Amino acid sequence: MTSSIPPLTAAAMIAAVVLSSTAGEVLTAAAMKSIGDLDEIRAHSGLKGAIRAVLTCPLFFAGVSFLALAFFALLFALNHLNLSLVAPASASLTLVTNAIAGKIFLKENVDRRRWISAFLVCIGVYLLAH
Amino acid sequence: MAHPQLKLSQYAVLALTAICAPLGDTCLSRGMKPLPPISLAHPGQLIAAVFTPWIAAGIALLIGFFASYLTALSWADLTYVLPATAFGNVIVALLSRFWLHEPISLARWAGILLITVGVGFVAQGPSRTEPTQEIQQLPEAAEPTEAVPR
């Protein structure tokens, strides 16, 4: 099945997973940053309060929508390509795109330590599952 | 740098995130492979796939992953959480080696080593950083010029 897929189509499938999951993760991270420490919220207002805090945040739903899109893009890709290609490629590329997006959109202080770590893990994930 | 050191319970949340994600992905793969190829013209087949046992188990694991992932993101940076949870791949590889007795190639051992080093690297730093400041001019640099008598 995998051999019949042209490389460009396979790359487009993986790119769809990577881009939608990066958008989803950045939006979700922004939502959770704006909500604050869930452990503290749970300590003050209980589990219901923590769930309410998450479910009343519009950014969270934007993030979940993109993550859902990423999920179906992953299911679609897994139906046509091997897990040993889709999983390492999407996981390792997402690490790098998230580091870039985290720096640009979340203003996270991605220092040299985090860049090196992202690239080491990225190559590691690729080697591990390839 | 509000949280330079994580609590034990917070490490447990990261571990749960790390374990649930790869196991969930494996279940999804197991569930999707036996299905006939699905074309974009029939997206309904993709929805129907959600209700098959392996996909359902994968989704349950991924819900567990998502809950712990959200909790982690509420006290740590995205660029801290993602590499840290990638350690789950190592756990799965080691389980497959020592539990399922699957062979691990040299490249995979190299991958395990790289991920472990990468995770150790990021875990030594702070879990949450303040937003990057725009270029802060150093006041000390201006002082000597001001001190020069006119």
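Leaving aside neighbours within four places in sequence, Val121(A) is in contact with Leu95(A), Pro83(B), Ala86(B), Ile115(B), Gly118(B) and Val119(B), where contact means that the C-beta atoms of two residues, placed from the backbone, lie within 7 Å. Welcome to this predicted model, in which local features need pLDDT of at least 70, side-chain atom pairs count only at pLDDT 80 or more, and totals for chains, interfaces and linings use all residues. Residues are numbered from 1 along each chain as its sequence is written, while chains are lettered from A and ligands numbered from 1 in the order in which they are written.

**The core**
- Val121(A) is also among the residues that touch the most other members of the largest nonpolar core, together with Ala77(A), Leu73(B) and Ile115(B).
- That core has 77 residues, and a nonpolar core is a set of buried Ala, Val, Leu, Ile, Met, Phe, Trp, Tyr and Cys residues joined through C-beta atoms within 7 Å.
- A residue is buried if 20 or more other C-beta atoms lie within 10 Å of its own, exposed if 12 or fewer, and partly exposed in between, with C-beta atoms placed from the backbone.

**Where the chains meet**
- On the two sides, 43 residues of chain A are in contact with 39 residues of chain B.
- Helix α6(B) gives the most to the side of chain B that touches chain A, namely twelve residues; helices are DSSP runs of H or I with at least four residues, strands are runs of E with at least two, and both are numbered from the N terminus.
- This side of chain B holds 25 nonpolar, ten polar and four charged residues; Ala, Val, Leu, Ile, Met, Phe, Trp, Tyr, Cys and Pro count as nonpolar, Asp, Glu, Lys and Arg as charged, and the others, Gly among them, as polar.

**Chain A as a whole**
- Chain A has five helices and zero strands.
- Its C-alpha trace spans about 55 × 35 × 25 Å along the principal axes.
- Of the 130 residues of chain A, 48% count as buried.
- Among contacts in chain A with a separation of 6 or more, 78% join residues 24 or more positions apart.

**Two helices to look at**
- The buried residues of α3(A) include Phe60(A), Gly63(A), Phe66(A) and Ala77(A).
- Their cover includes α1, α2 (38-55) and α4 (83-104) of chain A, together with α1 and α2 of chain B.
- In α5(B), the buried residues are Phe87(B), Gly88(B), Asn89(B), Val90(B) and Ala93(B).
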